[in-house]
Amino acid sequence: MDVRLLWAGVWFTAQNGDAESLLSEVARTGLHLSAVSPAPGGFSGRCAAWQYRNLAALARKRRVRLRIQTRTGLYFRLRPFLRRRGLWVGVLLFVPLLVWSQDLVWAVDAGSLTTGQRARAEAILREQVQLMPGSAVTQEKLAAGEYALLQSGEFSWASLNFLDGRLVVEAAAAKPVPDIAAGKADGVFAKAAGTVIRTNLVSGTMLAAPGQAVEAGQLLIGTSRTERDGTPIYEPAAGAVFAQFDWESTQEETLKMTARRLTGKHFSKRVISTNGQRISLPSWKPFSEETALVTTRHIQPDILGFCLPFSVEETTYSEQTEQEIPYTEEQALALAKLHSLQALFNAYPDAAFVAQKEDISVENNSLYYRVVYTIVANICAE
């Protein structure tokens, strides 16, 4: 088969007139025909598309009628696309745009990080360095991003590498700093009165003993001691003194509370960020933003898994309305107990319960709760 016919070929029929003389003239002029076969009133054959015009000129001289049956070849398959000017203009614009956008972040690869570490790292780079999908990358931004990750305290080592639109984030989680006993130069005092149960001396001189009653503000651990020969030795005071004492809490819980609840209505605002530009998309506001619950997330669009070099900041506003919420006495009591326990463990995180006394009353749509906990806890003032 002629290779030229694979690019563009024509199947034709020649009828009427002097068909035999046409074949002779074609052979004399050097036009190449293939697959020539007899047909009623003439013949049929095949030739290259660019030779068909010369063949038609010879046929007109001999009053032979040519008719194209089929066009074959790659050229005729591409021809419909070649006529679309908009397609080729788009291709011509896309190529330089693609070359220019190689300096933009198309994708962020943080596969070495956990899900939480990746979210925190992306938030740091986005808020402090403006380094996110669609941002232009420079060496200064990469260095600033590494510094910001280290300064966050989340990571002990960080590296940012950028190549062909792909930002690779590598980091190692920061190791916890070991606790170092930090003593006090003026001694350790009691922040509550109680009966000492046990002690734990780290440095200094323990002035309290199990079974001893101590008062608030009393010195528990001193900073000096004397050797047998009378030589004074000074060292910072550090340690713990656990004592048993009573701790009181009073809570007031209303039986009717006004709070905001979601109505189910919401709308979103979207802002496209690329190359330092922010483009706000139009949105419809069915209610005011002032009392709405606001949540924000960042999305990188993709097409069939192929990331695009821009990011979308989506802020969702959820409508809230104030409603009166009634509480039963049992619910209010549960809240009061919860708040008392929260206050206790904020003051004494290591508290251990020994006993408790409660006093409950209801007046004017309010529940009053008073509790006295007998606990064992460290009473050393920080």
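Is R28 buried or exposed? R28 counts as exposed, because its relative accessibility is 61%; exposed means over 50% relative accessible area, buried under 20%, and partly exposed anything in between (1.4 Å probe, protein chains only).

This is a predicted model, where local features need pLDDT of at least 70 and side-chain atom pairs count only at pLDDT 80 or more, while totals for chains, interfaces and linings use all residues. Residues are numbered from 1 along each chain as its sequence is written, and side-chain values use heavy atoms, with hydrogens and water left out.

**View A. R28 and E25 pair up within helix α2.**
R28 makes a salt bridge with E25, and the closest N and O atoms are 2.3 Å apart. A salt bridge here is a side-chain nitrogen of Lys or Arg within 4 Å of a carboxyl oxygen of Asp or Glu. Both residues sit in helix α2 (residues 19-29), 3 residues apart, or about one turn of the helix. Helices (H or I, at least four residues) and strands (E, at least two) are DSSP runs, numbered from the N terminus. E25 has a relative accessible area of 13%, so E25 is buried.

**View B. R166 and D109 bridge two strands.**
Here the side chains of R166 and D109 meet in a salt bridge, at 2.3 Å from N to O. This pair links distant parts of the chain, with R166 in strand β7 (residues 166-173) and D109 in strand β5 (residues 107-109), 57 residues apart. R166 is partly exposed, at a relative accessible area of 41%. D109 is partly exposed too, at 25%.

**View C. E289 reaches K285, and a look at the salt bridges overall.**
E289 forms a salt bridge with K285, and their closest N and O atoms are 3.1 Å apart. E289 counts as partly exposed at 24% relative accessibility, and K285 is partly exposed with a relative accessible area of 47%. Elsewhere, salt bridges that share partners join E25, R28 and R62 into one network. The total count is 12 salt bridges.

**View D. A nonpolar patch takes in W7.**
W7, W50, L74, L78 and F81 make up a nonpolar patch on the surface, with about 500 Å² of accessible area together. Patches are built from residues with over 30% relative accessible area and no salt bridge; like charges are joined within 9 Å, and nonpolar side chains (Val, Leu, Ile, Met, Phe, Trp, Tyr) within 5 Å. The accessible areas come from the Shrake-Rupley method with a 1.4 Å probe, and for residues, only the protein chains shown count as cover. Helix α4 (residues 74-82) gives the most to the patch, with 3 residues. W7 lies in helix α1 (residues 3-7) and is partly exposed, at 41% relative accessibility.

A pair of aromatic rings is described by the distance of the centres and the angle of the planes. Rings of Phe, Tyr and Trp (its six-membered ring) pair if their centres lie within 6.5 Å; planes under 30 degrees apart count as stacked, over 60 as edge-to-face and the rest as tilted. The structure has 10 aromatic pairs. In one of them, the rings of W7 and Y75 have centres 5.7 Å apart and planes at 55°, so the pair is tilted. Because W7 lies in helix α1 and Y75 in helix α4, the pair ties together parts that are 68 residues apart in sequence. Y75 is partly exposed at 29% relative accessibility. The rings of F267 and Y317 have their centres 5.1 Å apart and their planes at 15°, so this pair is stacked. F267 lies in strand β16 (residues 256-274) and Y317 in strand β21 (residues 311-326), so parts 50 residues apart in sequence are tied together. Both F267 and Y317 are buried.

**View F. R198 sits over F242.**
R198 lies over the face of F242, 4.2 Å from the ring centre. The rule for a charge over a ring is NZ of Lys or CZ of Arg within 6 Å of the ring centre and within 35 degrees of the ring normal. R198 belongs to strand β9 (residues 194-203) and is partly exposed, with a relative accessible area of 43%. Leaving aside neighbours within four places in sequence, R198 is in contact (heavy atoms within 4.5 Å) with P210, V241, F242 and V376.
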